[in-house]
Amino acid sequence: MIDDSGNQKEGQMGPIVITGAAKGIGLGVASAVRAAGMDAVIFDADTDGSRSASEIGAGFHRVNVTDRDELEAAFSRVAEERGPISGLVNSAGLTRTGPSAELSVADWKLVIDVDLTGTFFACQAAFPYLAETASIVNLASIASARALPERVAYTAAKFGVVGVTRVLAVEWAERGIRVNAVAPAWTETLLVTELVAAGKIDREDLSSRIPMKRLARVDDVAGAVMFFLGADSPYITGQTLYVDGGYTWAG
Ligand SMILES: NC(=O)c1ccc[n+]([C@@H]2O[C@H](COP(=O)([O-])OP(=O)(O)OC[C@H]3O[C@@H](n4cnc5c(N)ncnc54)[C@H](O)[C@@H]3O)[C@@H](O)[C@H]2O)c1
């Protein structure tokens, strides 16, 4: 929580809810939140999130972000038990790859539902329970700015996440709520490991195309999220911060 002079009030932070934090970037963010001495609550559709949460001393609710009612019930309980919510990080996401001409209706709907609709529903369901000066951070992607072949639904969803971020930032500024996005390049998580294993991406080829010559680490992304959650960004809203080793604007 940040006071009128833009300073964080010690001991007055409410919980930070992180969706999709059973693993990957979300779990990295939840761990960073806990390491900074703040309260963290994981929302994930996967019950493994319960184990991840207890390992880092966070709360857990089994929530499918495409289900508006589940989100509403979980945010309401968090606020009741832990106080007004100081931060929301929307990291729940998935992807489907393949030639656009052959993408199934089910895969298109799944990716749009989870990555775009899920992000909006979580913001909407959290709104009544947000503390004054709460910060929302949505996980976008380099696919929010660049065309990634064979990831048309993912790209459409991540462009949409930036749009949702901008609209909510403008609408909710009068309540003191900031809404920003963090857009990573390929990050060393299971999602990427699986794409490498399936031959969908070539790690060496990819690294060679990134100006900084390596994939992102979870900590690189968590650091950017923490910047938006913390006291150092009180006048920044509606922005998308690329955490990409220079990839997005290279060539
Ligand atoms: N890893 C990358 O290279 C990369 C790059 C750019 C952006 N991103 C974005 O960052 C976010 C996190 O990615 P990650 O690599 O950590 O993925 P991940 O697969 O490691 O973790 C995603 C988490 O989301 C959860 N989830 C999926 N569907 C859900 C649903 N309907 N409801 C609730 N939880 C659900 C999963 O159970 C999982 O715990 C995603 O939005 C992704 O698009 C990732």
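The expected span of a helix is 1.5 Å times one less than its number of residues. Helices (H or I, at least four residues) and strands (E, at least two) are DSSP runs, numbered from the N terminus. This is a predicted model, in which local features need pLDDT of at least 70, side-chain atom pairs count only at pLDDT 80 or more, and totals for chains, interfaces and linings use all residues. Residues are numbered from 1 along each chain as its sequence is written, and side-chain values use heavy atoms, with hydrogens and water left out.

**Helix α4**
- Helix α4 covers residues 105–126; its 22 residues should span 32 Å at 1.5 Å a residue, and this agrees with the 30 Å between its end C-alpha atoms.
- A kink of about 40° in α4 is centred on Thr117; the bend at a residue is the angle between axes fitted to the seven residues ending there and the seven starting there.
- Among the buried residues of α4 are Val111, Asp115, Gly118 and Cys123; buried means under 20% relative accessible area, exposed over 50%, and partly exposed in between (1.4 Å probe, protein chains only).
- The buried residues of α4 pack against β1 (16–19), α3 (68–82), β4 (85–90), β5 (130–139) and α5 (152–172).

**The ligand**
- The ligand is surrounded by 27 residues, the closest being Ile25, Asp44, Tyr154, Thr187 and Thr189; a residue counts if one of its heavy atoms lies within 4 Å of the ligand.
- A backbone N or O atom of Ile25 is 2.7 Å from an oxygen atom of the ligand, a polar contact being a pair of N or O atoms within 3.5 Å.
- A polar backbone atom of Val65 lies 3.0 Å from a nitrogen atom of the ligand.
- An oxygen atom of the ligand is 2.9 Å from a polar side-chain atom of Lys158.
- Of the 830 Å² of accessible area that the ligand has on its own, the protein covers 93% (Shrake-Rupley method, 1.4 Å probe).

**Ser144**
- Ser144 sits in the loop between β5 and α5 and counts as buried because its relative accessibility is 6%.
- Apart from neighbours within four places in sequence, Ser144 is in contact (heavy atoms within 4.5 Å) with Lys158, Phe159, Val162 and Tyr242.

**Positive phi values**
- Most residues other than glycine have a negative phi.
- Glu150, in the loop between β5 and α5, has a positive phi near 65°; at 41% relative accessibility Glu150 counts as partly exposed.
- Lys213, in the loop between α7 (203–209) and α8 (218–229), has a positive phi near 60°; at 52% relative accessibility Lys213 counts as exposed.

Notes
A polar contact is a pair of N or O atoms within 3.5 Å; within protein, one must be able to donate a hydrogen and the other to accept it, and residues adjacent in sequence count only if both atoms are side-chain atoms.
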